[in-house]
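Q: Hi, I'm new to this one. Could you walk me through it?

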Amino acid sequence: MSRPTGPDRSQERSGPWAAPERPAGLSARLPDFPWDRLAPAKARAAAHPDGLVDLSMGTPVDPVPPLVRAALAEASDAPGYPLTAGSPQLRAAISDWVSRSCGVADGFEVLPTIGSKEFVAWLPTLLGLGPGDVVVIPSVCYPTYEVGARLAGATVVRSDSLLSVGPAPVKLVWVNSPANPTGKVLPPEHLRKVVDWARERGAVVASDECYLPLPWDSSPVSILSVCDGDLSGVLAVHSLSKRSNLAGYRAGFVAGDPALVRELLAVRKHAGMIVPAPVQAAMIAALGDEAHAEEQRERYRRRRELLREALTAAGFTIEHSEAGLYLWCTRGEDGWATVDWLAERGILVAPGDFYGPAGSRYVRVALTASDERVDAAVTRLAK
Ligand SMILES: Cc1ncc(COP(=O)(O)O)c(C=O)c1O
């Protein structure tokens with residue numbers, strides 16, 4: 001298959017989004033939208049007689065829990081502006097969940113976000129970062145960490161070892177455990193070292209913990225649990241997209257250093273970064289219920305087991321993947337060759353280079369397909 005090297009902008013040249021002639025705006029700072037490069041493999045996989053098995057994007061496919069839908073509907077008569085800080089009930093629900101799930105009793109402030117992607121993309125800007133400031137991100141990671149730094153005009157350094165960063169004026173360090181795409185879990189000692197390192201330099205540590213509710217072969221911990229009660233400069237970023245199938249609602253939150261969270265709130269109030277009132281009500285219902293989260297976890301556990309065995313039997317090596325929503329695999333070849341091999345079998349996955357140059361010999365397999373589609377993938381891999 002021919003390998004596309006740039007984004008397919010063919011659809012933008014006509015119609016309302018005609019873009020190529022416009023002067024370079026902020027988007028010129030951003031990387032190409034990588035998913036466009038997957039279109040040819042997707043077309044090929046979709047031509048399979050039994051249809052496409054799409055394991056490329058980590059987008060939930062299971063139902064929104066009924067109690068969450070009921071709470072959303074119940075709150076739909078919402079004529080007034082909601083609170084940017086979240087309703088008192090939502091703030092209490094987030095705090096309770098953080099206390100239960102993040103191993104920290106008190107001393108933290110919370111703030112709802114419109115999903116966690118917007119927070120990741122705007123955190124450097126909200127912190128006032130700009131040209132000359134350095135943002136450290138994992139070597140292979142969720143692309144929006146880089147996007148956020150570039151939106152602010154800051155410089156990105158990819159590194160998993162802070163010792164190798166040198167004396168650069170680092171302002172923000174992102175960690176992500178369990179990680180997307182690798183499923184790697186950072187041990188508590190590592191997280192603690194990151195906090196100490198950042199404090200010595202006056203940098204903020206943002207820990208993206210949106211996959212914390214999906215532990216498999218190891219037990220991930222929140223960064224909030226390793227700080228011995230001193231949360232200065234530390235933020236934990238969470239999402240209900242995967243835990244509660246709420247990606248369509250846009251529901252996330254941040255918890256951590258009270259002074260820092262209050263500063264973020266002050267900016268977000270002016271910027272209108274407000275979670276809609278019905279979604280706030282839905283979040284309260286979701287955070288107060290563990291039964292649906294456990295049910296969803298079990299769905300993913302089954303799919304993970306089946307895919308892991310099938311991929312291993314088909315000759316793949318799976319690395320990390322101890323927790324979270326993905327299997328990080330290699331066939332010892334360029335990741336795009338693996339994308340093609342799987343597309344031939346009607347299975348679409350994401351090439352590892354979407355997540356950084358160090359991922360180029362891997363693919364990321366998401367667990368987010370229905371049981372029926374996962375079973376179809378397993379059958380195809382066995383042939
Ligand atoms: C590591 C990571 N962080 C944040 C997000 C954003 O999630 P959301 O905006 O749905 O909360 C994702 C989504 O896949 C992710 O993988």
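This is a predicted model: local features need pLDDT of at least 70, side-chain atom pairs count only at pLDDT 80 or more; totals for chains, interfaces and linings use all residues.

Q: Which residues in α6 are buried?
A: L191, V194, V195 and A198 are buried in α6. Buried means 20 or more other C-beta atoms, placed from the backbone, within 10 Å of the residue's own; exposed means 12 or fewer, and partly exposed is in between. Seen down the axis of α6, the buried residues fall within an arc of 100 degrees, so they line one face of the helix. That arc is taken from the directions from the helix axis to the C-beta atoms.

Q: And what's exposed on the other side of α6?
A: E189 and E200 are exposed there.

Q: What covers the buried residues of α6?
A: The cover includes β5 (170-176), β6 (204-208) and β7 (234-239). Helices (H or I, at least four residues) and strands (E, at least two) are DSSP runs, numbered from the N terminus.

Q: New topic: where is P60?
A: P60 sits in the loop between β1 (53-54) and α2 (66-74). P60 is buried, with 21 other C-beta atoms within 10 Å.

Q: How far apart are the C-alpha atoms of P60 and L367?
A: They are separated by 8.9 Å, though P60 and L367 are 307 residues apart along the chain.

Definitions and conventions. Residues are numbered from 1 along each chain as its sequence is written. Two residues are in contact if their C-beta atoms, placed from the backbone, lie within 7 Å.
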